[in-house]
Amino acid sequence: MPAHALKRPTLLALCACVLVAQSMVAAVNLLIPQLGSSGLHPSHTQILWTVDAYVIVFAGLLIPAGAVGDRYGRKGALLAGLALFAAGAATSALAPGPALLIAGRGLSGAGAALIVPATMSILVQLAGPEHRAQALASWTLAMGLGGLAGNLGGGLVGQFLSWRALFAAMVPLAGVLAVAVALTTPRTTRSAPARPDPAGTLLLTAGLVAVLFGIIEGPGHGWGSVRILTAFGTGAVLVAAFAVHALRSAAPLLDPRVFRSGELRAHTLGLATGFFGLFALFFVNSQYLQQVKGFAPAATGVAIVPLVVGMTLVPKLAARWSARPRPVVGTGLALIGLGLLAASTADAHTPYALYACWLLVISAGTGLAMPALTLGVAVSLPPHQAGLGSGLGTSARETGAALGVAVAGTALAAHADFAHGMGPALRVVGVTVLVATAVVVTGYRGSGRSVRAASGTPAPAEKSMA
């Protein structure tokens with residue numbers, strides 16, 4: 001596929017799909033008060049599952065969904081994902097009770113799991129080595145803006161409309177995106193025919209879902225509770241069983257030996273670290289602005305817009321420095337951690353302008369680190385496994401996001417009220433980001449594999465895997 005095959009309408013359509021899928025991770029958080037007082041009369045547990053079902057299914061299915069696109073067609077997987085996303089949104093919008101609302105969220109999460117890897121792998125195929133860094137910088141920007149769009153849209157709906165309007169709006173929006181993809185996006189070359197790995201898919205998906213369940217539900221049930229310990233134990237056993245199965249399989253879903261690469265481990269941990277900090281901030285920000293500063297839901301969504309600035313301006317610059325991943329990633333992740341530590345000093349008397357400055361620091365760090373990390377994971381696997389690589393990277397993001405919310409929530413629960421708990425919670429998250437940053441930086445060895453792949457020169461490991 002020639003490098004010029006990626007046209008601007010194609011790039012815009014694919015990035016819009018990513019933005020919409022990612023936005024639904026955060027949007028429902030701002031509707032929790034309205035859902036709790038709605039005619040569905042959901043219990044506290046049912047509200048939690050309304051929020052979490054999307055994330056659990058989305059993150060749990062990302063790796064096998066990426067492999068499906070590689071093997072059976074990426075454009076088809078994207079269109080199928082948009083259809084599932086719309087069907088789930090319609091189910092949630094029309095739900096007469098909490099059970100169907102939760103089921104619809106899970107179905108939309110399955111659609112998102114098909115959408116996100118397919119969009120990245122199509123970009124990797126169409127952009128070519130010369131334009132890959134810029135294309136993935138735009139894709140990364142869309143991922144980041146999705147979280148912001150979710151906060152903004154959820155806030156506006158929470159203040160001016162019914163919660164059902166959010167889900168109802170996703171149905172025609174998904175239809176418009178499907179038409180745009182059908183008209184602008186060419187089909188890409190499929191992987192060489194390979195046998196499906198249903199056993200590996202089941203083991204890995206079930207293992208990831210069990211671990212994510214433990215992470216998300218841990219703060220509510222207690223980390224030492226039987227339910228949570230059982231979830232983590234089950235997840236560990238299933239993931240270990242997947243690794244054994246994959247090592248013995250002639251055509252595994254994901255060969256665990258790819259993690260022998262210290263650079264791939266660093267890229268994956270870096271993505272998880274960035275989203276760990278970012279989604280912990282989203283979780284704390286909405287409560288701080290509403291409960292402590294007294295902002296309305298719509299104003300809360302607007303007030304986090306400063307995060308757009310760095311995410312919009314910095315990625316284009318960062319793409320030019322993709323040949324130096326260690327300083328770029330290290331500086332970006334460190335800015336996220338330092339920005340969180342600065343935000344931990346906020347209280348009821350902190351001027352919003354000062355708080356916005358700290359958001360700008362976090363925004364600049366995100367825009368600096370994420371393109372290099374995304375590119376690193378995308379090119380760590382050979383081109384015919386681009387969807388699998390995208391699923392791996394996005395799974396790291398969503399797991400990091402779930403961990404960030406869980407850690408922040410646990411730290412908050414240890415204090416009498418939010419006002420007293422916000423500072424310690426953000427300090428825990430900020431310090432964790434800085435420690436993880438040191439681990440990520442040590443994982444790079446001189447000139448990274450991402451540099452060779454981005455320039456069109458395959459790394460030795462890639463030659464042996466292709």
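1. Burial first: of the 466 residues of the chain, 56% count as buried, where buried means under 20% relative accessible area, exposed means over 50%, and partly exposed is in between (1.4 Å probe, protein chains only). Bear in mind that this is a predicted model, where local features need pLDDT of at least 70, side-chain atom pairs count only at pLDDT 80 or more, and totals for chains, interfaces and linings use all residues. Residues are numbered from 1 along each chain as its sequence is written, and side-chain values use heavy atoms, with hydrogens and water left out.

2. On to the overall make-up. The chain has 17 helices and zero strands; both are DSSP runs, numbered from the N terminus, with helices (H or I) needing at least four residues and strands (E) at least two. Among contacts in the chain with a separation of 6 or more, 84% are between residues 24 or more positions apart. Contact here means heavy atoms within 4.5 Å.

3. Have a look at α1 (residues 8-26) and α4 (residues 74-94). Their axes come within 12 Å and cross at roughly 35 degrees; the axes are lines fitted to C-alpha atoms, for helices over the stretch in contact, with angles running from 0 to 180 degrees between N-to-C directions. The crossing of α1 and α4 is left-handed, that is, the near helix is turned anticlockwise from the far one by less than a right angle. On the α1 side the contact is made by Leu-14, Cys-17, Val-20, Ala-21 and Met-24, and on the α4 side by Leu-78, Leu-82 and Phe-85. Sorted by class, that contact has eight nonpolar residues, no polar ones and no charged ones. For these classes, Ala, Val, Leu, Ile, Met, Phe, Trp, Tyr, Cys and Pro count as nonpolar, Asp, Glu, Lys and Arg as charged, and the others, Gly among them, as polar.

4. Helix α6 (residues 163-184) passes a simple length check. With 22 residues at 1.5 Å a residue it should span 32 Å, and its end C-alpha atoms are 32 Å apart, which agrees. The expected span is 1.5 Å times one less than the number of residues. The buried residues of α6 are Trp-163, Leu-166, Phe-167, Met-170, Ala-174, Leu-177 and Val-181. As background, an α-helix has 3.6 residues a turn, so residues three or four places apart point the same way.

5. Helix α8 (residues 226-248) can be checked likewise. Its 23 residues should span 33 Å, and the end C-alpha atoms are 33 Å apart, which agrees. Ile-228, Ala-231, Gly-235, Phe-242 and Ala-246 are the buried residues of α8, and what covers them includes α7 (198-221).

6. Which way does phi of His-41 go, positive or negative? Phi is near 50 degrees there, a positive value in a residue other than glycine. Most residues other than glycine have a negative phi. His-41 is found in the loop between α2 (32-36) and α3 (44-72), and at 65% relative accessibility it counts as exposed.

7. Next, the aromatics. The structure holds five aromatic pairs, counting rings of Phe, Tyr and Trp (its six-membered ring) whose centres lie within 6.5 Å; planes under 30 degrees apart are stacked, over 60 edge-to-face, and the rest tilted. One of them joins Phe-295 and Tyr-352, with ring centres 6.1 Å apart and planes at 50 degrees, so the pair is tilted. The two residues are 57 apart in the chain, with Phe-295 in the loop between α9 (262-292) and α10 (297-303) and Tyr-352 in helix α13 (residues 352-378). Phe-295 is partly exposed at 24% relative accessible area, and Tyr-352 is partly exposed too, at 29%.

8. Staying with α13, Tyr-355 lies in that helix and is buried, at 2% relative accessibility. Leaving aside neighbours within four places in sequence, Tyr-355 is in contact with Leu-281, Asn-285, Tyr-288, Leu-289, Ala-343, Ala-346 and Thr-350. Val-305, in the loop between α10 and α11 (306-320), is partly exposed at 38% relative accessible area. From the C-alpha atom of Val-305 to that of Leu-359, 54 residues apart along the chain, the separation is 8.8 Å.

9. Finally, Thr-410, which lies in helix α14 (residues 386-413). Thr-410 is partly exposed, with a relative accessible area of 27%. Not counting residues up to four places away in sequence, Thr-410 touches Pro-219 and Trp-223. Thr-410 and Ala-425 are 15 residues apart in sequence and 8.1 Å apart in space, C-alpha to C-alpha.
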